[in-house]
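Please look through the sequence and the model shown here before reading on. The paragraphs after it are meant to be read with the structure in view.

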Amino acid sequence: MVRTPTGGAGSGTAAPGGRLVSIGSVLAQLREEFPEVTISKIRFLEAEGLVEPQRTPSGYRKFSPRDVERLSQVLRMQRDHYLPLKVIREHLDALERGEDVRLPSPASAPQPLDGVLGVAEAEERRPTAARVGREELLAAAEVDSGELDEWESYGLITRDEDGAYDAEAVTVARLVSELGGFGLEPRHLRAMKASAEREAGLVEQVVAPLRRHRNPQTRARAEATTRELATLTVRLHAALVQTALRVRLH
């Protein structure tokens, strides 16, 4: 997607009747539907090429109504369909070309691609989760290299063999940084890391038989089951923390 100053479908110029707004205004609009979104998240999506706001001579971002709608579409596809950014970008580009885009249901097994491929082949062709480099992570999470080194030393953030990070590492880094503002140091967060590992182990026990099943449709359902169980365990963990706090503070 190329932006030109003259407007048009690929331009960041505000649509008729609209106006360019700051990233803070965009955040306020998006939070009506996505309360967890942050400025760091918006900047990360910009770095990934999902949106390209205009820049003032001073370097400030200015977003058009079309930019805001595009961000909303990205966040919905992540929230409702668990799609990686690469696939979301492809879907949005297809929509801009006027093509019909069918999004998968997160609760169901993958359907044959184009109505032709079998489930096993569709599973093989499904894109993997997005990865980010070290500099991308530092910029998106707005942290410095020393902080990231410390968090890695405590196992809060890990990189793969190629030196890249899972896109979720951006969220982890941002949250660790925000917790640090309350005096919680990385060593204090090791218990949370250990708890997350135990919860992941429980999910793995449930889905492992599905992944080993001979039926390709059953194996394909393992991914959707994993996402559903992950959501439930996170909700349970949050509820248990809230309950424990109420008991301790009242």
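Predicted model: local features only at pLDDT ≥ 70, side-chain atom pairs only at ≥ 80, totals over all residues.

Residues are numbered from 1 along each chain as its sequence is written, and side-chain values use heavy atoms, with hydrogens and water left out.

The protein has 10 helices and 4 strands, where helices (H or I, at least four residues) and strands (E, at least two) are DSSP runs numbered from the N terminus. Read from the N terminus on, these elements follow the order α-α-β-β-α-α-α-β-α-α-β-α-α-α. Of its 250 residues, 30% count as buried; here buried means under 20% relative accessible area, exposed means over 50%, and partly exposed lies in between, with a 1.4 Å probe and protein chains only. Among the contacts (heavy atoms within 4.5 Å) with a separation of 6 or more, 56% are between residues 24 or more positions apart.

Helix 2 covers residues 39–47, and its buried residues are Ser40, Ile42, Phe44, Leu45 and Glu46. Just after helix 2 comes Gly49, which takes a positive phi of about 80°.

Towards the other end of the numbering, helix 9 spans residues 190–212, and its 23 residues at 1.5 Å each should span 33 Å, which agrees with the 32 Å between its end C-alpha atoms; the expected span is 1.5 Å times one less than the number of residues. Helix 9 also bends by about 35° at Val206, with a proline, Pro209, following within four residues, the bend being the angle between axes fitted to the seven residues ending at a position and the seven starting there. Ser195, Val203 and Val207 are the buried residues of helix 9, and these residues pack against helix 10.

A kink of about 25° in helix 10 is centred on Glu223. Thr218, Ala220, Ala222, Ala224 and Arg227 are buried in helix 10, and for Ala224 the relative accessible area is 10%. Ala224 and Tyr82 are 142 residues apart in sequence, yet their C-alpha atoms are 9.4 Å apart in space. Leu249 also has its place in helix 10, which covers residues 216–249, but Leu249 counts as exposed, at 66% relative accessibility. Together with Val241 and Leu245, Leu249 forms a nonpolar patch on the surface with about 280 Å² of accessible area. Such patches are made of residues with over 30% relative accessible area and no salt bridge, like charges being joined within 9 Å and nonpolar side chains (Val, Leu, Ile, Met, Phe, Trp, Tyr) within 5 Å.

Side chains of opposite charge can pair when their charged atoms come close. Taking a salt bridge as a side-chain nitrogen of Lys or Arg within 4 Å of a carboxyl oxygen of Asp or Glu, the count comes to 17. In one of them, the side chains of Arg76 and Glu33 meet at 2.9 Å, N to O. Arg76 lies in helix 3 (residues 65–81) and Glu33 in the loop between helix 1 (23–30) and helix 2, so this pair ties together parts that are 43 residues apart in sequence. Arg76 is partly exposed at 28% relative accessibility, as is Glu33 at 32%. Both residues belong to a network of salt bridges that links Glu33, Glu69, Arg76, Arg79 and Asp80.

Another salt bridge joins the side chains of Glu142 and Arg43, at 1.8 Å from N to O. This pair links distant parts of the chain, 99 residues apart, with Glu142 in the loop between helix 6 (134–141) and helix 7 (145–153) and Arg43 in helix 2. Glu142 is partly exposed, with a relative accessible area of 45%, and Arg43 is partly exposed at 26%. Finally, Arg159 forms a salt bridge with Glu152, their closest N and O atoms being 3.0 Å apart; Arg159 is partly exposed at 41% relative accessibility, whereas Glu152 is buried at 18%.

Notes:
Areas by Shrake-Rupley, 256 points an atom, 1.4 Å probe, with all protein chains shown as cover.
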